[in-house]
Every structure is written in C-alpha cells, then in structure tokens.
Amino acid sequence: MIPFNHLGWIFKTFGSRVYPKEVRHGLCKFLNVLDSRAKVLDVGAGTGMMCEFAQACRDDLLLSAVDPAPGMLKFSPTYVTAHEASAEALPFDDNHFDCILMGEALHHFREVDLALEQAVRVLKDTGKLFIYDFNIQTWMGKIICHGEKLLGEPGNFFEPEVLKTKLETYGFSVKIKHYAWRYTISAVLEKK
Ligand SMILES: C[S@@+](CC[C@H](N)C(=O)[O-])C[C@H]1O[C@@H](n2cnc3c(N)ncnc32)[C@H](O)[C@@H]1O
C-alpha cells in the first residue's frame, strides 16, 4: 500500500502540480453555480488540495474533508473541517452536502460502489459531484495503474465512459472532459 499517512508534506508541497490549469478552471466553473455557503465535501481529500482550489475561486463555501490518513489531513488548511474517515463510511447525515469533490482519489477506494452509494446518500437531492482522475485508456494511465497495483493499491481506474455509465445508474447526469491522460467528470444528481 502507498503509505499516505507519511506522505502529507510531499502532497502539500508538490500535489498541486499534478493538476492541469484547465482542470482548476473547470472546477471553478463547476462551483460557480453553487449558492453562497453551500456545503462542499472533498472525499479522499489528502491535504485538502481540492478544497484549496475551491477556496481560490469561491471563498464563501463551507468546506469539509474526509480521508483515512491523519498524516495527510493534518496539512489541510484551517478553513477546512477535516474528518478522519473513509469514502465507504462517510460520517455524515443523509442529504447533507451540496457538492462532493474527488481528486485523484476514486481509484484508491477499495469498494467504489459502496463509496458512490455513500456519496449519493450524503448529497442533497440535486447534489453535484466533481471527479478528477487518470484515464486507464492512455499509456500513462496504464503505467500508473500497474505501478499502484504493484504497491498493493486497488488500482480502481476507469475508462471515463464506463464511469459515466456507472454514475448514471446512481441517478447522475454526467459530462466528461479529457485532458490528455487525465479527465474530469462533472455530474449532477437527481434523486428519485
Ligand atoms: C493521491 S491522494 C489524493 C489526495 C488529494 N485529493 C489530492 O488531490 O492531492 C489519494 C488519497 O486517497 C486517500 N484514500 C485512500 N483510500 C481511501 C478511502 N477508502 N476513502 C477515502 N480516502 C482514501 C488516501 O489516504 C490519499 O490521501
């Protein structure tokens, strides 16, 4: 397994470089439609990188972060409420958040379906989901996936279209954007 608990300072120092500028712009556009003081949850937040990006474009949001590694969470900014927990067991009430962010995190979840069920549960009826991850269809995505599996990680990487179809079964309408070997998903939930 990757020892995230000991890698907080590395992610804090270098983590933002993994994110293309266009992804950060896309995230800002995605967050733009949220109401003032909307509740946003960063799942697999690590040091709270996605929260930092969110705060840079919308400083009126209420930001929370979840990660099982306290050694990552301890680097999260003071304006973020951090919770030590996993995506598969979110410690929040139903219908609590307006928006969920997952940056470079989904492929680390051992039980992706359980994590998505939890995301749907804690999201409000028309909640939003933003995912940033590596595309397993590309050579770089394949190398990263192979490397992570060698390290004992689950390597739950998706072809973006496959993830789109999966999210649609949970009631999301989904848009994909490609950035070479990376992609983002912007999804809106419609709970029945
Ligand atoms: C590559 S880091 C990304 C961190 C951060 N989102 C970023 O963009 O810098 C992946 C994170 O997922 C977390 N993680 C691993 N398994 C998890 C799980 N089951 N639920 C939630 N987070 C998990 C790790 O502890 C780690 O902090």
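## Ligand contacts

A polar side-chain atom of E88 lies 2.9 Å from a nitrogen atom of the ligand, a polar contact being a pair of N or O atoms within 3.5 Å. D67 places a polar side-chain atom 2.7 Å from a ligand oxygen atom, and a backbone N or O atom of G44 is 2.8 Å from a ligand nitrogen atom. The protein covers 93% of the 590 Å² of accessible area that the ligand has on its own (Shrake-Rupley method, 1.4 Å probe).

There are 18 residues around the ligand, of which Y19, G44, D67, A87 and G103 come nearest; a residue counts if one of its heavy atoms lies within 4 Å.

## Model basis

This is a predicted model, in which local features need pLDDT of at least 70, side-chain atom pairs count only at pLDDT 80 or more, and totals for chains, interfaces and linings use all residues. Residues are numbered from 1 along each chain as its sequence is written, and side-chain values use heavy atoms, with hydrogens and water left out.

## Salt bridges

The whole structure has 6 salt bridges (a side-chain nitrogen of Lys or Arg within 4 Å of a carboxyl oxygen of Asp or Glu). One of them joins R121 to D94, with the closest N and O atoms 2.8 Å apart. R121 belongs to helix 5 (residues 112-122) and D94 to the loop between strand 3 (80-84) and strand 4 (97-103), so the pair ties together parts that are 27 residues apart in sequence. Helices (H or I, at least four residues) and strands (E, at least two) are DSSP runs, numbered from the N terminus.

Note on methods
A polar contact is a pair of N or O atoms within 3.5 Å; within protein, one must be able to donate a hydrogen and the other to accept it, and residues adjacent in sequence count only if both atoms are side-chain atoms.
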